[in-house]
Amino acid sequence: MPESEVTYNSFLIKFLIAPKYRIARHVLLILFFTFVAFNMPYLICAGFLDEVDDVIWCVSLILLFSYLGGIYLHMYVLLPGLLLKNRYVLYIITVSLLISVMIVVSFGSDYWLNLYSGQEPGYYSFFYKNRILAVEIVSNFFLYGLLIAGTSITILLRHWIGLYKRKNELEKVNLKTELELLKDQINPEFLFNMLDEAGKRTFDNPAQASMVLMELSRLLRYQLYDGKREKVLLISEISFIERFLELAKTRHANLSFSVTKEGGVSRKLVPPLLFIPFAIHYVKLSSSGNLQLDVHFCFRAGEGELHFSCICFAPGMPGGQMENCEDLEGVNQRLDLLFKNSYKLEVVDDGGICKTNLCIRL
């Protein structure tokens, strides 16, 4: 049952807005108002058709041109020229005048048919003795208003869907731009320091200098190419972090680390450069003093979930290093954009021990 409803709704929307159904929509519209325009005079003159002869055809054509003229004037002039340009007051006044003209034509045709035939207004006439003319005018005003609104749904739907698509595209572009900015995690300071380190070792240890430059080129290649993808393998992300920390150790001898991998990390896909801010943070801590830092990263891939934990042992380190950290500010922003309520991030800073736990539902 739900599948048939979805199919019906999809076809209905396509029929209302798709260009290939435009002729069919206009044919149905003309047929509908042709039926109304020719049916109304026949109902009015049901008891005395012989007295009106062929005049009833002329009246029906007048009504038809009145209806179609008003409808198409509203669809292609008033609606795009006033309503869709936010000129609401002028639109309401103009549409009210248009409906009033249509009512005058409709009531005038009724009155003229009764006058021409010399008969008393019948039951279906607006001027029937038991009808209140003011009530008939008001009710017909709202009826014509509903008809005009109903026949304009195609243009309004196309306009609203266009706005919705443009809004979605703009949001996607903004989101992509924001994510790209947040992914650009390896700051120039680290790159300059590593280049400076390679330069210093060029003469006394050329092999190590060459190794530093090679590893640095791999990091940059990953950031420039794999970092532009929507998803990468978790094992590639872990390898990137390991290379980054190995490179950092060449400059900071007080830094040691280990990386543990559990579960199907080789099959799990994650957004690129998601975990590198934690590594960058601890590399900066190692360069800010003579503290010995021992950092342990753990990645555990489960069924539909990814658990990441990071524990840093740094005896003598003051507390508050993880709070209001600039390197980690973008992590929360990016997690919110990518996973919304599908993640949980916990950070505990006890001075000598810093713990970070992140659970993501993939």
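This is a predicted model: local features need pLDDT of at least 70, side-chain atom pairs count only at pLDDT 80 or more; totals for chains, interfaces and linings use all residues.

Me: OK. Which side chain does Lys-261 meet in a salt bridge?
Reply: That's Glu-242, at 3.5 Å from N to O. The two sit in distant parts of the chain, 19 residues apart, with Glu-242 in helix H10 and Lys-261 in strand E2. Glu-242 is partly exposed too, with a relative accessible area of 24%.

Me: Why would two side chains pair like that?
Reply: Side chains of opposite charge can pair when their charged atoms come close.

Me: How many salt bridges turn up in the whole structure?
Reply: The search finds 6. One of them joins Arg-229 to Asp-226, with the closest N and O atoms 3.4 Å apart. In another, Lys-344 meets Glu-346 at 3.3 Å, N to O. Lys-344 is exposed at 52% relative accessibility, while Glu-346 is partly exposed at 37%.

Me: And which residues are joined into one network?
Reply: Glu-215, Arg-218 and Arg-243, through salt bridges that share partners.

Me: New topic: strands. What order do they take in the open sheet?
Reply: There are 5 strands, in the order E2-E4-E5-E7-E6, and the pairing is mixed. E2 (255-263) and E6 (343-349) are at the edges; each has a single partner strand, so one side of each has no neighbour in the sheet. On average, neighbouring strands are turned by 10° against each other, ignoring direction.

Me: How many bridges join E6 to E7?
Reply: 7 bridges, and the two strands run antiparallel. In that pair, Asp-349 stands opposite Cys-354 of E7.

Me: Which strands does helix H10 touch?
Reply: H10 (residues 234-249) packs on the sheet and touches E2, E4 (293-301) and E5 (305-313). The direction of H10 makes about 170° with that of E2. There's also helix H11 (residues 276-287), which lies across E2, E4, E5, E6 and E7 and runs at about 175° to E4.

Me: What about the inside? How many residues has the largest nonpolar core?
Reply: That core has 46 residues, and Leu-245, Phe-275, Phe-297 and Phe-299 have the most contacts inside it. The elements giving it two or more residues include H9 (206-224), H12 (326-339) and E7. H10 gives the most, with 8 residues.

Me: What is Phe-297 in contact with?
Reply: Setting aside neighbours within four places in sequence, its contacts include Leu-245, Val-259, Phe-278, Ala-279 and Phe-308. Another core lies apart from the largest one; this other core has 32 residues, among them Phe-33, Leu-64, Leu-78 and Leu-156.

Me: Why do nonpolar side chains gather like that?
Reply: In soluble globular proteins, they tend to be buried together.

Me: Last one, helix H2. How far does H2 reach from its first C-alpha to its last?
Reply: H2 (residues 22-44) has 23 residues and reaches 34 Å, close to the 33 Å expected at 1.5 Å a residue.

Me: And which residues in H2 are buried?
Reply: Among them are Arg-25, His-26, Leu-29, Phe-33, Ala-37 and Ile-44.

Terms used:
Residues are numbered from 1 along each chain as its sequence is written. Side-chain values use heavy atoms; hydrogens and water are left out. Two strands pair if DSSP finds at least two bridges between them. Helices (H or I, at least four residues) and strands (E, at least two) are DSSP runs, numbered from the N terminus. Axes are lines fitted to C-alpha atoms, for helices over the stretch in contact, and angles run from 0 to 180 degrees between N-to-C directions. Contact means heavy atoms within 4.5 Å. The expected span of a helix is 1.5 Å times one less than its number of residues. Buried means under 20% relative accessible area, exposed over 50%, partly exposed in between (1.4 Å probe, protein chains only). A nonpolar core is a set of buried Ala, Val, Leu, Ile, Met, Phe, Trp, Tyr and Cys residues joined through side-chain atoms within 4.5 Å. A salt bridge is a side-chain nitrogen of Lys or Arg within 4 Å of a carboxyl oxygen of Asp or Glu.
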